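The sequence and the coordinates are shown first.

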Amino acid sequence: MKNLAVITCAALGLWALDCSNVLAQAPKTFTLKFNHVLGPKEPYHDGFLKWAKAVEQRTNGGLKIDVFHSAQLGLEEDIIEQIRQGANIGQNTDAARMGNYVPGIAVMNGPYFVETLEEVAKLRKAPTVAKWQEELATKFGLKVVSFNWVQGYRHFFTNKPIKTPEDLKGLRIRTPPAPIWQESIRALGAVPVAMAFGEMYPGLQQRAIDGVELVYNNIPGGRFYEVLKVANETRHIMLVNFEVVSAKWFNSLPKEYQDALVEEADRAGEETSRQILRLEAEVEQQLKSRGMTINKDVDLAAFRKAGDKAFEVLKITDAKNAVHKEIGK
């Protein structure tokens, strides 16, 4: 467009006029480099690609999203700091890591905080959650574009059956490096070990950890069935993910681009979330065929009761109760 403007000025002999005015009218394009830690075969990656395509089409190429899987741009925590500095980078993350900045929002990553997609939908209208998002943007430069992305239910994957929290005693379970996550796993009976996503497989091989807590769709992609024998359906966290960009970068976008980014993220997130929950039964069968045992004999009441300790330790029980009241849970 700019080259065409220059050629037009020259052809018309208008160099005496300020062609910079013509160039300034050329539409500005924006690019977002979006990072996530999951593999290219995960449902989320396909969902992010659909989001990118929808945004590019809706903005006629004015806003383009380049999606990078497997943490190609770097570790999640490092990317979040780059986002805070205003870089045109986005990250798929969670309330646990956002809780490092606004402690209350970490409740969304706590044990049994929400347990259905309908409850997640209600969170978008909860005043307390809206207040936390505003604080993230204004004080810490982190704009939550969408949290309509639910990765499924987290379960404990180990080498022995787990029925009650007592069965996890002494087991070293990998967690992301965030307080609510570590306290959740500790409250549920295990020993939390902070470890990057990509280090889990070798960590299990070397017995640095005894198990992981992940969603079903993580297991085939990471080949964890090769080093773990039992999937224990504790459903202890319904993993709500956040798509986060720089507040400064977001505010630089035209209003129609902002709307496209947010609305298409919500749309793709809902579609992907429902697909993931539908796929869980298929993944179960796939894991069975690869030798894993699916343990459904789990005392969920005992796990729910134990999970409350995580909110108490981090002093965010009041925040949990406030949001639950707002969503009618």
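## Helices α8 and α13

Helix α8 passes helix α13 in a right-handed crossing, a crossing being right-handed if the near helix is turned clockwise from the far one by less than a right angle, and left-handed if anticlockwise. The model is a predicted one, in which local features need pLDDT of at least 70 and side-chain atom pairs count only at pLDDT 80 or more, while totals for chains, interfaces and linings use all residues. Residues are numbered from 1 along each chain as its sequence is written, and side-chain values use heavy atoms, with hydrogens and water left out. Helices (H or I, at least four residues) and strands (E, at least two) are DSSP runs numbered from the N terminus.

The axes of α8 (residues 179–187) and α13 (residues 300–313) come within 7 Å and cross at roughly 140°. This angle makes α8 oblique to α13. Axes here are lines fitted to C-alpha atoms, for helices over the stretch in contact, and angles run from 0 to 180 degrees between N-to-C directions. Angles under 35 degrees count as roughly parallel, over 145 as roughly antiparallel, 65 to 115 as roughly perpendicular, and the rest as oblique.

On the α8 side, E183, S184 and A187 meet A306, G307, K309, A310 and V313 of α13, where contact means heavy atoms within 4.5 Å. The residues of this contact divide into 4 nonpolar, 2 polar and 2 charged. In this classification Ala, Val, Leu, Ile, Met, Phe, Trp, Tyr, Cys and Pro are nonpolar, Asp, Glu, Lys and Arg are charged, and the others, Gly among them, are polar.

K309, placed in α13, is partly exposed, with a relative accessible area of 46%. The terms for exposure are buried (under 20% relative accessible area), exposed (over 50%) and partly exposed (in between), with a 1.4 Å probe and protein chains only. K309 and G291 are 18 residues apart along the chain, and their C-alpha atoms are separated by 34 Å.

## Overall Fold

The protein contains 14 helices and 9 strands. Its C-alpha atoms fill a box of roughly 85 × 45 × 30 Å along the principal axes. Of the 329 residues, 51% are buried.

Among contacts between residues at least 6 apart in sequence, 76% join residues at least 24 apart.

## Other Helix Pairs

Helix α7 (residues 127–140) packs against helix α14 (residues 317–327) at an angle of about 125°, with the axes 8 Å apart. The two helices are therefore oblique to each other. P127, T128, V129 and W132 in α7 meet A319, A322, V323 and E326 in α14. By class, that contact comprises 6 nonpolar residues, 1 polar and 1 charged.

For helix α3 (residues 43–58) and α12, the packing angle is about 150° and the axes are 9 Å apart. α3 and α12 are therefore roughly antiparallel to each other. The crossing of α3 with α12 is right-handed. Their contact has 11 nonpolar, 3 polar and 7 charged residues.

S289 belongs to α12 (residues 255–289) and is exposed, at a relative accessible area of 61%. Between S289 and H324, 35 residues apart in sequence, the C-alpha to C-alpha distance is 40 Å.

## Loop Residues with Positive Phi

Most residues other than glycine have a negative phi. S70 has a positive value near 55°. This residue lies in the loop between β2 (63–68) and α4 (76–84), and at 38% relative accessibility S70 counts as partly exposed.

R207, also not a glycine, has a positive phi of about 60°. R207 is located in the loop between α9 (200–205) and β7 (211–215) and counts as exposed at 66% relative accessibility.

## A Buried Strand Residue

Which residues does T158 touch, not counting those up to four places away in sequence? They are L171, I173, D210, L228, K229, V230 and N232. T158 is placed in strand β4 (residues 142–158), and at 1% relative accessibility T158 counts as buried.
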